[in-house]
Amino acid sequence: MDHDPFAELKKRQRELWASFGPTATSTTPVAAHLVKFAAIAPGDTVLDVATGTGVAAITAARAGARVKALDLTPELLAQAHENARIAGHEEIEWTEGDAEQLPYADASFDVVLSQFGHMFAPRPEVAIAEMRRVLKPGGRIAFATWPPEHMVGRMFAFVGRNSPPLPSGSAPPPQWGNLAVIAERLGARFDSPFFERGVMAYPSLSLSHYRLSMERTIGPLQKLVERLVSEPEKLAALRSEFDAMAEPYYYDNVVHQDYVLTRAHAI
Ligand SMILES: C[S@@+](CC[C@H](N)C(=O)[O-])C[C@H]1O[C@@H](n2cnc3c(N)ncnc32)[C@H](O)[C@@H]1O
């Protein structure tokens, strides 16, 4: 990442995401949806960008694909290795790296996936250009993102407005859930995108259980809470705001997290 103006931010992100593992289990049904939506077939060459603990990569391998996967965070990649061993897919190639600088040759993959991953790279135009570069012409890009008007998009906006500003030139992650923005970012390098929606069920015994679980595993929120430990009144006010935001999504002991899937073909 020499000469990368965002190297410092990415270093922080790598540390922030290290605690994500326990929450990744909840994303396994989304991975099944994404792999089906991407029409992954046996023999397809697939790249999973920002794979985390490998849920989408391993699901694609179970569908018969030949899979490579990349993430910034070594702690999560160690868990991905272990998940692959348990699932019997030790052939998956895991690489520590950056979505904005993919270490793969042009036109290497039939499918490029990202599940709630590339949306955290600071420069959308750089990440999408890289994902297109490594796709074969006619290959598919398919990704899951959080719409800004629903629970997780609102949570990242909440974290954003209560944290130090992002370096200039970086885009807030929830923009990746806006269909018009997605279409614009895919631009002329892809055909017209196809969208589908889903709801990720996050089981929780109470709203407080949900908030605590997010505070312990979603690095940017964890950091925000750590910054406020010496200001208990501020922290209590923020926690109340979080609970009020999450309350409409919590019923039947589940937090309903709406997501959007996008699919397009490289031109
Ligand atoms: C919400 S987690 C999603 C992980 C996984 N795809 C899943 O669905 O469980 C976000 C992931 O993005 C990774 N990430 C953030 N910025 C990245 C970047 N610039 N390049 C590669 N990975 C990145 C983090 O390390 C983390 O694993």
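Predicted model: local features only at pLDDT ≥ 70, side-chain atom pairs only at ≥ 80, totals over all residues.

1. Residues are numbered from 1 along each chain as its sequence is written, and side-chain values use heavy atoms, with hydrogens and water left out.

2. Rings of Phe, Tyr and Trp (its six-membered ring) pair if their centres lie within 6.5 Å, and planes under 30 degrees apart count as stacked, over 60 as edge-to-face and the rest as tilted; by this rule there are 11 aromatic pairs. The pair of tryptophan 17 and phenylalanine 20 is edge-to-face, because the ring centres are 5.6 Å apart and the planes stand at 85°.

3. Tryptophan 17 is buried, at a relative accessible area of 13%, and phenylalanine 20 also counts as buried, at 17% (buried means under 20% relative accessible area, exposed over 50% and partly exposed in between, with a 1.4 Å probe and protein chains only). Ring pairs join Trp17, Phe20, Phe120 and Phe156 into a cluster.

4. Tyrosine 210 and phenylalanine 242 have ring centres 6.0 Å apart and planes at 40°, so this pair is tilted. Both residues, tyrosine 210 and phenylalanine 242, are buried.

5. A charge sits over a ring if NZ of Lys or CZ of Arg is within 6 Å of the ring centre and within 35 degrees of the ring normal. The charged end of arginine 185 is placed over the ring of tryptophan 176, 4.7 Å from its centre, and arginine 263 lies over the face of phenylalanine 37, 4.6 Å from the ring centre.
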